Amino acid sequence: MDLHALALRELPRPPARVLEVGCGSGELARALAADGYDVVAVDPKAPAGAIFRQTTLEALGDEEPFDAAVASLALHHVDDLGVALAKLHSLLRPGAPLVVREFGWDLVDEPTARWDYERRGRAGGLAEWQAEHEDLHRFAAMRAALDAHFQERSFEWGPYLSEYEPREGQADEERRLIESGAIRAVGFIYVGVA
Ligand SMILES: C[S@@+](CC[C@H](N)C(=O)[O-])C[C@H]1O[C@@H](n2cnc3c(N)ncnc32)[C@H](O)[C@@H]1O
């Protein structure tokens with residue numbers, strides 16, 4: 001999934017004020033700023049720069065309201081989903097879209113786990129997968145917290161696993177295997193409005 005293309009598809013046109021939650025190295029935030037958006041990107045590991053805030057969403061200080069927000073692979077990491085989503089809601093103008101890209105680690109089954117380890121050249125199955133991910137929020141918890149604060153505008157399942165430690169051709173392979181029913185689609189894109 002091209003995150004930048006997804007954001008451009010779902011966000012209001014620039015110059016809107018956009019909050020990115022869990023921006024990591026800041027690639028998307030910089031791209032959106034270059035598109036003409038007024039971006040604030042929050043992450044304890046954010047790089048230096050005027051658009052970045054090196055803190056958590058929950059601890060983000062006073063900011064003007066935002067016209068939209070994006071959170072890619074960040075929600076499953078936050079301490080308390082209810083607290084984080086209440087804060088996110090409070091930062092958005094009424095009707096502002098929230099674009100969430102996530103994956104439900106707990107929806108991975110044995111064949112899906114085996115494929116994922118195999119494609120990365122590692123031995124492992126469902127037990128190893130669960131042990132590696134059990135400290136992260138599960139799909140149902142993320143979905144419930146989103147529903148408590150936002151109204152769904154769209155939701156789609158899709159590939160995700162091949163985007164982690166990516167290797168040539170594996171995105172197509174993941175898509176084919178999902179379509180044939182051999183493995184599960186565990187990635188999802190949620191768009192809601194505050
Ligand atoms: C898996 S990385 C995703 C990075 C990037 N968004 C991407 O899609 O590649 C998750 C990021 O969320 C950040 N994060 C975790 N909890 C957070 C919080 N409460 N507030 C803001 N960022 C948080 C982490 O520091 C990390 O950089």
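In this predicted model, a residue is called buried if 20 or more other C-beta atoms lie within 10 Å of its own.

Q: What percentage of the 194 residues of the protein chain count as buried?
A: The criterion is a count of at least 20 other C-beta atoms within 10 Å. Applied to the 194 residues of the protein chain, it gives a buried share of 41%.

Q: Which pattern of helices and strands does the protein chain follow along the sequence?
A: The protein chain has 7 helices and 7 strands. Read along the sequence, they follow the pattern α-β-α-β-β-β-α-β-α-α-α-β-α-β.

Q: Why is the protein chain said to be as compact as a globular protein of its length, and what is its radius of gyration?
A: The globule rule gives 16 Å for 194 residues, and the value for the protein chain is close to this, so the chain is as compact as a globular protein of that length. Its C-alpha atoms fill a box of roughly 50 × 30 × 30 Å along the principal axes. The radius of gyration is 17 Å.

Q: What share of the contacts with a separation of 6 or more joins residues 24 or more positions apart?
A: Two residues are in contact if their C-beta atoms lie within 7 Å. Among contacts in the protein chain with a separation of 6 or more, residues 24 or more positions apart account for 66%.

Q: Which strands stand at the edges of the sheet?
A: The open sheet has 7 strands and mixed pairing, in the order β3-β2-β1-β4-β5-β7-β6. Each edge strand has a single partner, so one side of it is left without a neighbour in the sheet. The edge strands are β3 (52-53) and β6 (151-158).

Q: In which sense do β4 and β5 pair, parallel or antiparallel?
A: Strands of a sheet pair through backbone hydrogen bonds, in one of two senses. Between β4 (residues 68-72) and β5 (residues 97-103) there are 4 bridges. Val70 has Val99 as its bridge partner in β5, and Ser72 stands opposite Arg101. The sense of the pairing is parallel.

Q: Which exposed residues does α7 carry on the face turned away from its buried side?
A: The buried residues of α7 are Gln170, Glu174 and Leu177. They cover an arc of only 70 degrees around the axis, which puts them on the same side of α7. What covers them includes α4 (110-119). The face turned away carries Asp172, Arg176, Glu179 and Ser180.

Q: Is Ala185 buried or exposed?
A: Ala185 lies in the loop between α7 (170-180) and β7 (187-193). Beyond four places in sequence, Ala185 touches Trp157, Gly158, Pro159 and Ile178. There are 20 other C-beta atoms within 10 Å of Ala185, so this residue is buried.

Q: How does Trp157 count by its C-beta neighbours, and what is that class called?
A: Trp157 is in strand β6. Leaving aside neighbours within four places in sequence, Trp157 is in contact with Ala185, Gly187 and Phe188. Trp157 has 15 C-beta neighbours inside 10 Å, so the class is partly exposed.

Q: Which residues come nearest to the ligand?
A: There are 17 residues around the ligand. By class, this shell has 9 nonpolar, 5 polar and 3 charged residues. Those that come nearest are Gly22, Gly24, Thr56, Ser72 and His77.

Methods
Residues numbered from 1 in each chain as written. Predicted model: local features only at pLDDT ≥ 70, side-chain atom pairs only at ≥ 80, totals over all residues. Near = placed C-beta within 6 Å. Nonpolar A, V, L, I, M, F, W, Y, C, P; charged D, E, K, R; others polar. Pairing = 2+ DSSP bridges. Helix = DSSP H or I, 4+ residues; strand = E, 2+ residues; numbered from the N terminus. Buried ≥ 20, exposed ≤ 12 C-beta atoms within 10 Å, placed from the backbone. Rg over C-alpha atoms; globule rule 2.2 N^0.38 Å. Arc of directions from axis to C-beta.
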